[in-house]
Every structure is written in C-alpha cells, then in structure tokens.
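Colleague: I would like to learn how to read a structure with two chains. Could we go through it one feature at a time?

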There are 2 protein chains.
Amino acid sequence: MGRPRTPLLDRERITTTALELLDAQGEFSVPQIARRLGVQTGSVYHHVDGRDGIVELLRERVAEAIDIAALDVRPWDAGLAAWARSYRAAFAAHPRAIPLLMTNPVRAPRVLEQYERAVALLLDAGFPTGDVMPVVVALENVVLGSALDLAAPAAMWEIADEAATPRLAEALDAAGENRADRAFDLALEGFLSHARRRLEAQGARPVI
Amino acid sequence: MGRPRTPLLDRERITTTALELLDAQGEFSVPQIARRLGVQTGSVYHHVDGRDGIVELLRERVAEAIDIAALDVRPWDAGLAAWARSYRAAFAAHPRAIPLLMTNPVRAPRVLEQYERAVALLLDAGFPTGDVMPVVVALENVVLGSALDLAAPAAMWEIADEAATPRLAEALDAAGENRADRAFDLALEGFLSHARRRLEAQGARPVI
C-alpha cells in the first residue's frame, strides 16, 4: 500500500491551522491544533519545537508576504518606505497575530535574515550603529500600529450626541475617506523625513 | 435583613472581570464573566448594553489612566506629546486590550470627550479641519504600536548563528538598553516635527 503522499501532519499544516485559530480567536493552543487535525496533542509536538516553535512558524508564514527585495531598493529611504508598506500589508492580513508576534522573541531564521538586510540598508546609508535598532523599531511601531488600524471599521467614532463633541463631529466630516491610509502616509512621511534630517545633521556620508 | 451593601453585580465589577479575562487570554465572553461572578449570563446582560457595551466600559476603564489635562498644555505640540506619553502608558498596562479596542468603534462618551479635546487642541493650533483626524490617527498608530512593544521582552532578537546575521548582531550590541523607549522617543519626535513643519508650511497662524 505504501505511505500516503500527503502526510496527515507536517509543519505546513500545523502552521496553517495555528494561523486559522489565531485569526479567529486571537489565540491558539497545541491541543486545539491537534483536535482540528484529528491527531493526538503529542503528535503535534513531534513536528515542532514546542508552542514557541509554532509561534516562529507563524512569524515566518506572516512575514513571507513581506517584499524583502524592497530592502535592495536605493536610495535607502525609498527602500525603507517600500519595505514598510509591504510589511504593513502582510500584518494587516492577520491583525490578531500582531500582539502575539510582537511580544515573543524573534528566533525564526528567515525573519532574522530580513532584519539583517534592514540593518545593512541603514548602516550602508550612514546611520551610526547605535541608532539602527531604534530606527528599525520606531518604524515597526508605525507599521504595526497602522496595520491594526487597517482592521478597524471605516466609521471608527460613533457620535450619539453631536452637541457634546461638536469639533470632533466637524473634524470627522472633513476627514473624508481612507482615514487609515492617510494617517499611515503621514506617519511614514514624518518618520522618514526625521530620519533623513538626523542623518544629514550628523554629516554622514552615505555609502550607497 | 435588607439588601447587601455591595451589590453582587454592577458595571464596575463586570468591567473589572472582563479586563482580567482580556489581560489573561486576549479575549473575553459574557458567559465567562457570569461564571467568574457566580451569576447567570442573563443577569450580566441586565447591567450592560450587550457585549459591545462591555467593550465600551473597558475602553473607559483603560482610558481613565490617560492624563486628559495634558490636552490643556500649550503650545500644542507639548500638549500632544504629554498626552501621547500618558496614552502609551495607559495602554501598555493592558497590551492585550489593544487589538480589541482598536477594531471596535468608539462610543464611550468619556472617550469621545477626550477626542473632542484633542481635536480642539489641533484646530486651535491652526491645523486645517481636514488634516485633524489623520494627525490624531497617525499619532495613535505610533502610540499603540509602541505600547505593544513595551510588552515585548527586552531581548527581542535571539540570534542562534551570529555568522548568519552579523550586522544585526552588531546593531543589537550597539543599541544599548531601553530599546522601546528610545524608539518611541524617535517616532514621537519625528511625528511632531513633521506636523510642526506642515503647519508652518501652510502659513497657519496658531490661535493659541
């Protein structure tokens, strides 16, 4: 008879199931994954390095959608902007994964490789070594805060009594559509122009 | 005998229980709240306007810790910075509440009142009405992205093979302590100086 061509259980299927649970519930557990796949909990642990291992598989899966080639774009600020846009889109597709992935240490090799390239971009542009991680993390704050906002309703403020908050009502009327995109563009533009000026102020000579 | 002085069930206790569940699990359900309080699920619904009503009670509870008086500080950018710092601290105390509160429409009157004051600060500073909500939301992206980062481990990148990511290792060594605070300061400073220049560029005359 031979073995079935598609194994009942592999890392891909475990990751897919964990992501489905996370998207639906904001959480996942190994017993839940096992139940969905119709196997024993212990069998899941044969394939992954514990629950933390599944978190890293989830990180790789979500990060796969990020356009890492953007980090080869020059000048550096164009590359960083393209990476940020693609990073935001990847995480906006899985907003409930954001808190889990942001609060667990990054171990996945393919994701570390992505940070390596972002760091290289900034070092080559002339940022002092000590500034590079704060710059990367500040950009991630903007990206991930905005990715969560993309999952919010278009009408985010529901005013029952306009007399109580007249100026908010006025600002909302004037804001138009695409709140989340306009806010992200503003935050990204602000971040990049600030980084650009820091670089110029210290008289750095970009390598690229 | 008379009635007990402390009612078994009130909105305060429902809110406290919902927040405990959210902090622990990243989610809450009305039956879970009822079980914890030793009452029927239906009794909980007598006190609140459905599950959405509990979300708004949670929003008010978390937002209570924000220093709304910061929005009276002038000049506008000092007020906005103080508000942002206090807003970040309030949400950093409940990181798992962030996705829930960011993806449900704001209805709580006391929270709408806080937006009203933030909007008034920006309008009085001279921002065009149509720019006010994008500015507020962009600032919230920075604040809430950073609040999530505050809940992350201090050592966020775990490099197993330094040869694979040498420049990341170098940047991490040089970054020093307080990654989250340094990144937030950078992002906030970048945001505010960008907003300041936008205001100047359009020749606005601040009211305050």
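Colleague: What is the area buried between chain B and chain A, and what percentage of that area do carbon and sulfur atoms give?

Modeller: Keep in mind that this is a predicted model. The size of an interface is often given as the accessible area lost when the parts come together. Here the area buried between chain B and chain A is about 5700 Å², and carbon and sulfur atoms give 66% of that area. B:W157, B:R167 and B:L186 supply 11% of what chain B buries against chain A, more than any other three residues.

Colleague: How many residues of each chain are in contact with the other?

Modeller: The contact involves 67 residues of chain B and 67 residues of chain A.

Colleague: How many salt bridges does the rule find across the interface of chain B and chain A?

Modeller: Start with the general idea. Side chains of opposite charge can pair when their charged atoms come close. The rule finds 8 salt bridges across the interface of chain B and chain A. One case is A:D124 with B:R167, where the closest N and O atoms are 3.0 Å apart. Polar contacts are counted separately, and between chain B and chain A there are 18 residue pairs of that kind.

Colleague: Which helices of chain B supply at least two residues each to the side that touches chain A?

Modeller: They are α6 (98–102), α7 (109–125), α8 (129–150), α9 (166–175) and α10 of chain B. The largest share, 16 residues, comes from α8(B). Sorted by class, this side of chain B has 38 nonpolar, 12 polar and 17 charged residues.

Colleague: At what angle do the axes of α10(A) and α10(B) cross?

Modeller: For a pair of helices, read the angle together with the distance between the axes. Helix α10 of chain A and helix α10 of chain B, residues 179–201 in each, have axes that come within 8 Å and cross at roughly 100 degrees. That angle makes α10(A) roughly perpendicular to α10(B). Among the residues of α10(A) that meet α10(B) are A:L186, A:F191 and A:R197; from α10(B) they include B:L186, B:F191 and B:R197. The residues of this contact divide into 4 nonpolar, 6 polar and 6 charged.

Colleague: Inside chain B, how far apart are the axes of helix α1 and α4(B)?

Modeller: Helix α1 of chain B, residues 11–25, packs against α4(B) with the axes 9 Å apart and an angle of about 85 degrees. The two helices are therefore roughly perpendicular to each other. Residues making the contact include B:I14, B:A18 and B:L22 of α1(B) and B:I54, B:L57 and B:L58 of α4(B). By class, the contact has 8 nonpolar, 2 polar and 3 charged residues.

Colleague: How many salt bridges does the rule count over all chains?

Modeller: The count comes to 34. For an example within chain A, take A:R107 and A:D52, whose closest N and O atoms are 4.0 Å apart. A:R107 lies in the loop between α6 and α7 of chain A and A:D52 in helix α4, so the pair ties together parts that are 55 residues apart in sequence.

Colleague: Which residues does a cis peptide bond join in chain B?

Modeller: Look at omega for the backbone bond. B:R74 and B:P75 are joined by a cis peptide bond with omega about 0 degrees, and B:P75 sits in the loop between α4 and α5 of chain B. In chain A, the bond from A:R74 to A:P75 is cis, with omega near 5 degrees.

Conventions:
Residues are numbered from 1 along each chain as its sequence is written. Chains are lettered from A and ligands numbered from 1 in the order in which they are written. This is a predicted model: local features need pLDDT of at least 70, side-chain atom pairs count only at pLDDT 80 or more; totals for chains, interfaces and linings use all residues. Side-chain values use heavy atoms; hydrogens and water are left out. Axes are lines fitted to C-alpha atoms, for helices over the stretch in contact, and angles run from 0 to 180 degrees between N-to-C directions. Helices (H or I, at least four residues) and strands (E, at least two) are DSSP runs, numbered from the N terminus. Angles under 35 degrees count as roughly parallel, over 145 as roughly antiparallel, 65 to 115 as roughly perpendicular and the rest as oblique. Contact means heavy atoms within 4.5 Å. Ala, Val, Leu, Ile, Met, Phe, Trp, Tyr, Cys and Pro count as nonpolar, Asp, Glu, Lys and Arg as charged, and the others, Gly among them, as polar. Buried area is the accessible area (1.4 Å probe) that two parts lose on being put together, summed over both. A salt bridge is a side-chain nitrogen of Lys or Arg within 4 Å of a carboxyl oxygen of Asp or Glu. A polar contact is a pair of N or O atoms within 3.5 Å; within protein, one must be able to donate a hydrogen and the other to accept it, and residues adjacent in sequence count only if both atoms are side-chain atoms.
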